[in-house]
Amino acid sequence: MGAPTSPNYQVDEAREELLIRCVQDGEHEAFYELIRPYQRRVYAAAFAITRNNADAEDIAQETMLKAFKKLRQFRAESRFSTWLIQIAVNEARMRNRRARARMVEPMVEEQDAEGNYVPRDFADWREIPSETLERKEVREKLAEALASLGDIYRDVFVLRDMQHMSIEETAKALGISTASVKTRLLRARLMLRDLLAPGLGGTWSTRLHLAKGTKPW
Amino acid sequence: MVVNCEQVWQEISNYLDGDVNPNLRAAMDTHFQECKRCKAVLEGTRNVIDLYGDERMIDVPLGFEHRLERRLEETIHPSRRGFLGWMVAATAAVLAASIFEVAKSSVLNRGEPRSEHAQSGAGVPPNMMVVVSEEGKLFHASGCPFIHDKAHLRTVVAGEAIKEGYTPCVRCMKKYLQADLEQAVDDLAGPKAEHRST
């Protein structure tokens with residue numbers, strides 16, 4: 001199954017291949033052009049996992065440096081963007097693990113929730129125009145809802161729905177089965193819908209605070 | 001094939017990804033037409049996917065791209081930085097050497113300095129009365145606490161003292177020495193500024 005097409009992420013693949021070959025052949029200037037469409041996405045992937053601006057920026061820089069150094073090893077079996085995001089995700093997850101290892105509390109690996117997820121809210125959504133995202137408070141609210149998810153759900157959702165990776169690519173990047181990706185993705189999407197549905201119905205302007213377990217709208 | 005609400009919820013993500021078989025899809029389509037709650041869940045989930053998938057969801061810190069490019073530049077073209085650093089160092093060296101040459105040229109009409117650590121006395125007014133001692137190497141303003149051999153002092157004008165190889169005391173003549181250095185820098189900057197304007 002392929003990733004959904006999105007006008008935001010359409011790139012000229014032939015041109016990208018050419019740029020990759022140029023860099024591999026020593027024309028290093030082409031690397032800037034090659035990564036330009038993905039700079040923000042790499043940052044976003046790192047931020048979604050670390051939830052820290054400074055870490056995300058550092059990871060984005062490290063990712064691009066690693067990509068430059070390892071570009072000779074890149075094989076066109078996967079998309080360049082997927083390869084890039086995978087480097088960023090690995091770096092971000094490694095950083096999270098190191099940070100947790102420094103904590104006094106013992107680290108507990110998050111487990112998949114048992115049982116099927118049942119939607120809690122059946123508010124009737126109207127179609128939300130994408131212009132809604134021009135509002136900063138809406139973007140913040142979405143980011144807040146995403147941050148409230150457990151790691152295992154957020155990681156899958158970020159790669160699949162924000163980075164537009166396929167189920168298989170997401171599974172490979174996270175080292176889990178495609179079945180796990182689908183299960184976690186379903187739960188992540190439904191949880192986010194439950195958190196956001198009534199707010200996106202138009203009540204955000206009056207109640208913006210999102211407390212754990214409660215809805216601000 | 002008929003599906004109930006719970007079955008629909010468990011397949012709704014696959015349905016939106018186009019990852020259900022045709023029979024199940026048809027059954028779910030029928031269910032959505034009849035069930036407002038499941039239709040609401042479907043539309044809401046679709047909205048979630050559309051909104052989070054939009055690039056406008058990505059807020060990067062101000063200056064992010066610039067800092068990234070600069071970091072890459074350091075790795076991809078370290079020689080550029082190295083060359084730039086070399087140019088800066090070379091320019092500084094040339095400037096320092098030039099200052100030294102200008103300072104040296106301004107004392108050409110003097111006697112050999114009595115000390116190898118001597119400072120140029122070019123900034124000292126030549127008619128200014130100063131004191132020197134026979135065994136000393138410096139000339140001083142009268143009353144300077146650093147005068148040695150006070151028993152054998154004589155008073156001369158600064159120009160004469162310089163001709164005899166005396167050099168200014170760096171304490172009591174400090175203000176003239178600073179003026180000396182500034183003049184040397186100005187002498188260097190002058191031709192450079194003219195060059196830029198042409």
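# Briefing: a predicted two-chain model

Of the contacts in chain A between residues at least 6 apart in sequence, 66% join residues at least 24 apart. The structure is a predicted model. Chain A has nine helices and zero strands, whereas chain B has seven helices and four strands. A nonpolar core of 57 residues is the largest in the model, and 43 residues of chain A are in contact with 37 residues of chain B.

**Chain architecture**

- Along its sequence, chain A reads α-α-α-α-α-α-α-α-α.
- Chain B follows the pattern α-α-α-α-α-β-β-β-α-β-α when read along the sequence.
- In chain A, 38% of the 217 residues are buried; in chain B, 21% of the 198 residues count as buried.

**Nonpolar cores**

- Within the largest nonpolar core, of 57 residues, those with the most contacts are V42(A), A45(A), A46(A), A60(A), A88(A) and V156(A).
- Helix α9 of chain A, residues 178–203, supplies the largest share of this core, with 10 residues.
- Another core, of 14 residues, lies apart from it and includes L138(B), F139(B), Y166(B) and M173(B).
- When neighbours within four places in sequence are left aside, V42(A) is in contact with A60(A), T63(A), L84(A), I85(A) and A88(A).
- In soluble globular proteins, nonpolar side chains tend to be buried together.

**Helix α5 of chain A**

- Helix α5(A) covers residues 80–101, which makes 22 residues.
- From its first C-alpha to its last, α5(A) reaches 32 Å, close to the 32 Å expected at 1.5 Å a residue.
- The buried residues of α5(A) are F80(A), S81(A), T82(A), L84(A), I85(A), Q86(A), I87(A), A88(A), V89(A), E91(A) and A92(A).
- These buried residues pack against five helices of chain A, namely α1 (13–24), α3, α4, α7 and α8 (167–174).
- Among the buried residues of α5(A), L84(A), I85(A) and A88(A) are also contacts of V42(A).

- The side of chain A that touches chain B draws two or more residues from each of α2 (30–35), α3 (39–50), α4 (53–70), α6 (136–147), α7 (151–162) and α9 of chain A.
- On this side of chain A, α9(A) gives the largest share, 10 residues.
- By class, the side of chain A that touches chain B comprises 25 nonpolar, nine polar and nine charged residues.

**M162(A), a residue with contacts in both chains**

- M162(A) lies in helix α7 of chain A.
- M162(A) counts as buried because it has 22 C-beta neighbours inside 10 Å, and the cut-off for this class is 20 or more.
- Beyond its neighbours within four places in sequence, M162(A) is in contact with A44(A) and A48(A) of chain A and with Y52(B), G53(B) and M57(B) of chain B.
- The C-alpha atoms of M162(A) and R41(A) are separated by 8.5 Å, although these residues are 121 residues apart along the chain.

**Positive phi values in loops of chain A**

- Most residues other than glycine have a negative phi.
- R51(A), in the loop between α3 and α4 of chain A, has a phi near 55°, a positive value in a residue other than glycine.
- R51(A) counts as partly exposed because it has 15 C-beta neighbours inside 10 Å.
- H164(A), in the loop between α7 and α8 of chain A, has a positive phi near 60° and is likewise a residue other than glycine.
- H164(A) counts as buried because it has 21 C-beta neighbours inside 10 Å.

**Confidence in chain A**

- The average pLDDT of chain A is 80, and 79% of the residues score at least 70.
- Among the elements of chain A, the highest mean pLDDT, 94, belongs to α4(A), and the lowest, 85, to α9(A).
- Over residues 1–8 of chain A, pLDDT stays under 50, and the model has 13 contacts beyond four places in sequence for them.
- Over residues 204–217 of chain A, pLDDT also stays under 50, and the model has 22 contacts beyond four places in sequence for them.

Definitions and conventions: Residues numbered from 1 in each chain as written. Chains lettered and ligands numbered in written order. Core = buried A, V, L, I, M, F, W, Y, C linked by C-beta atoms within 7 Å. Buried ≥ 20, exposed ≤ 12 C-beta atoms within 10 Å, placed from the backbone. Contact = placed C-beta atoms within 7 Å. Nonpolar A, V, L, I, M, F, W, Y, C, P; charged D, E, K, R; others polar. Expected span 1.5 Å × (residues − 1). pLDDT = per-residue confidence, 0-100.
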